[in-house]
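We will go from one selection to the next, with a short note on what to look for at each stop.

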Amino acid sequence: MPYTKGAVARRVSFDIAAFLADLEQDSAYDGQIVHRRSLPSRAARYALLDPPLPEVLRRRLAATGITRLYVHQAAAVDAVRRGEHIAVITPTASGKTLCYNLPVLEHLADDPTARALYLFPTKALTQDQRDGLVEFGLPEVRIATYDGDTPPGERRRIRDGAHVLLTNPDMLHLGILPQHFRWAEFLQRLRFVVIDDMHIYRGVFGSNVANILRRLRRVCALHGSRPQFICASATIANPQEFAERLLGLAVTVIDQGGAPQGPREVVLWNPPYLDKGRMARRSPYSEATWLFTSLIRRGVRTIAFTKARKITELIYRYAQNRLAKEAPEVARRISPYRAGYLPEDRRRIERRLFDGELVGVVSTSALELGIDVGGLDAALLVGYPGTIASTWQRAGRAGRGRHPSLAVLIALDDALDQYL
């Protein structure tokens, strides 16, 4: 269900069946819906911790409206307490962040000398998680980001004083491990290593990261520590094998999610042929623009994923021109989002999207990961992302809590998309 503009976002009704029926009556419709699947809603499941979290953490959770933990969150805290390396594999928007923040903050509250290292695949996700951790965390816990944007004058202060350090595998490889004797105190006290969006580390890139993690473990052993690894990811078909090959360690997999999920409608959309000879199809980018603007005109908060920066800008321009004619009041409430923008520009777009000021955004994979962009209600995937995990990750950016959502995969005119 979409939001209306305002300081406090207000939900209005989004009838997915009626929306799809309207599309089928449109003159531009020519049988594009080739498959449709309704996924049922899922009720929340909760669990109790024994012993409970420290009082200071319970108060912070209550302040954010959380009074109970989902079963996978409680299972993660229990497993970390037992000293196990874990991998939490649950759907998008299921509260995986608490699966690592709670045990880390619980340990830091008991042992202020301990340290934690958080690894994220992108700077945007690092910044988003830092903001959330600062907002939730304890005042005495010092949290810092260490990446290529960190001013040189702050790096020594961060190295010497941060309890929780947020960075990425590249910075760990190039900026920390080669200088490990400068980081000796931090590495000696390192208690936890958190790896979020673990499914990103596949293929050649994943092999490289696996070697970096093994190097990290060797360096930590040199300085007298054996950190515990906490991994989180969207759905993976073989989580046990994947996590253990990435870390080189035995891992406890937690994959029984307890978060609620509203009903989701999944649609496969194939652009129609342009001629009777069935040689060429209508542009998928024109189809994406039509769907995107149709949703935006109805106030449905929508994200459209593309496979290239150029296509992101192209669809954004098409949509803006179309909305300027058909619904000028919302033409300025859409935005593109991609790598290459200045950090402050990316933060501004993320904030406008989270606050409900933006109704829609056209993005590359930069917004695929777990950046909190608030409650979106429709996700358009312009082309198959390349893996099933990425497909569900992008589709899962729409739909929070018990509200219904729509995911549409628009096929490109290539062999793989047409096969699917």
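## Start at helix H9

The buried residues of H9 pack against E7, H7, H8, E10, E11 and H10. Contact here means heavy atoms within 4.5 Å, and buried means under 20% relative accessible area, with exposed over 50% and partly exposed in between (1.4 Å probe, protein chains only). Helices (H or I, at least four residues) and strands (E, at least two) are DSSP runs, numbered from the N terminus.

Before you select anything, note that this is a predicted model: local features need pLDDT of at least 70, side-chain atom pairs count only at pLDDT 80 or more, and totals for chains, interfaces and linings use all residues. Residues are numbered from 1 along each chain as its sequence is written, and side-chain values use heavy atoms, with hydrogens and water left out.

Now select residues 203-222, which make up H9. The helix has 20 residues and reaches 29 Å from its first C-alpha to its last, close to the 28 Å expected at 1.5 Å a residue; that expected span is 1.5 Å times one less than the number of residues. Show side chains for Gly-206, Val-209, Ala-210, Ile-212, Leu-213, Leu-216, Val-219 and Cys-220, the buried residues of H9. Just after the helix, click on Gly-224, which takes a positive phi of about 90°.

Which residues of H9 meet H10? They are Gly-206, Val-209, Ala-210, Leu-213, Arg-214 and Arg-217, and their counterparts in H10 are Glu-244, Arg-245, Leu-246 and Leu-247. Axes are lines fitted to C-alpha atoms, for helices over the stretch in contact, and angles run from 0 to 180 degrees between N-to-C directions.

## Go to the parallel sheet

Turn to the strands under H9, which lies across E7, E10 (190-195) and E11, running at about 175° to E10. They belong to an open sheet of seven strands with parallel pairing, in the order E8-E9-E7-E10-E11-E6-E12. Strands pair if DSSP finds at least two bridges between them. At the edges stand E8 (143-145) and E12 (252-254), each with a single partner strand, so one side of each is left without a neighbour in the sheet.

Next, pick out E7. Five of its five residues are buried, so E7 is largely enclosed by the rest of the structure. Arg-115, Leu-117 and Leu-119 lie on one side, Ala-116 and Tyr-118 on the other. E7 runs parallel to E10, joined by five bridges, and parallel to E9, joined by four. To see individual pairings, find Tyr-118 opposite Val-194 in E10 and Leu-119 with its bridge partner Thr-167 in E9.

## Colour the core

Which residues have the most contacts inside the largest nonpolar core? Select Leu-117, Ile-195 and Met-198; the core has 38 residues. A nonpolar core is a set of buried Ala, Val, Leu, Ile, Met, Phe, Trp, Tyr and Cys residues joined through side-chain atoms within 4.5 Å. The largest share, seven residues, comes from H9. Zoom in on Ile-195: not counting residues up to four places away in sequence, its contacts include Leu-213, Phe-229 and Leu-247. A second, separate core of 36 residues includes Val-80, Leu-108, Leu-166 and Ile-254.

## Visit the mixed sheet

Another open sheet has seven strands in the order E3-E13-E18-E17-E14-E16-E15, with mixed pairing. Within this sheet, E14 (residues 302-305) and E17 (residues 378-382) pair in the parallel sense over four bridges, and Ala-304 has Leu-380 as its bridge partner in E17.

## Finish at Phe-292

Leaving aside neighbours within four places in sequence, its contacts include Thr-302, Ala-304, Ile-334 and Leu-380.
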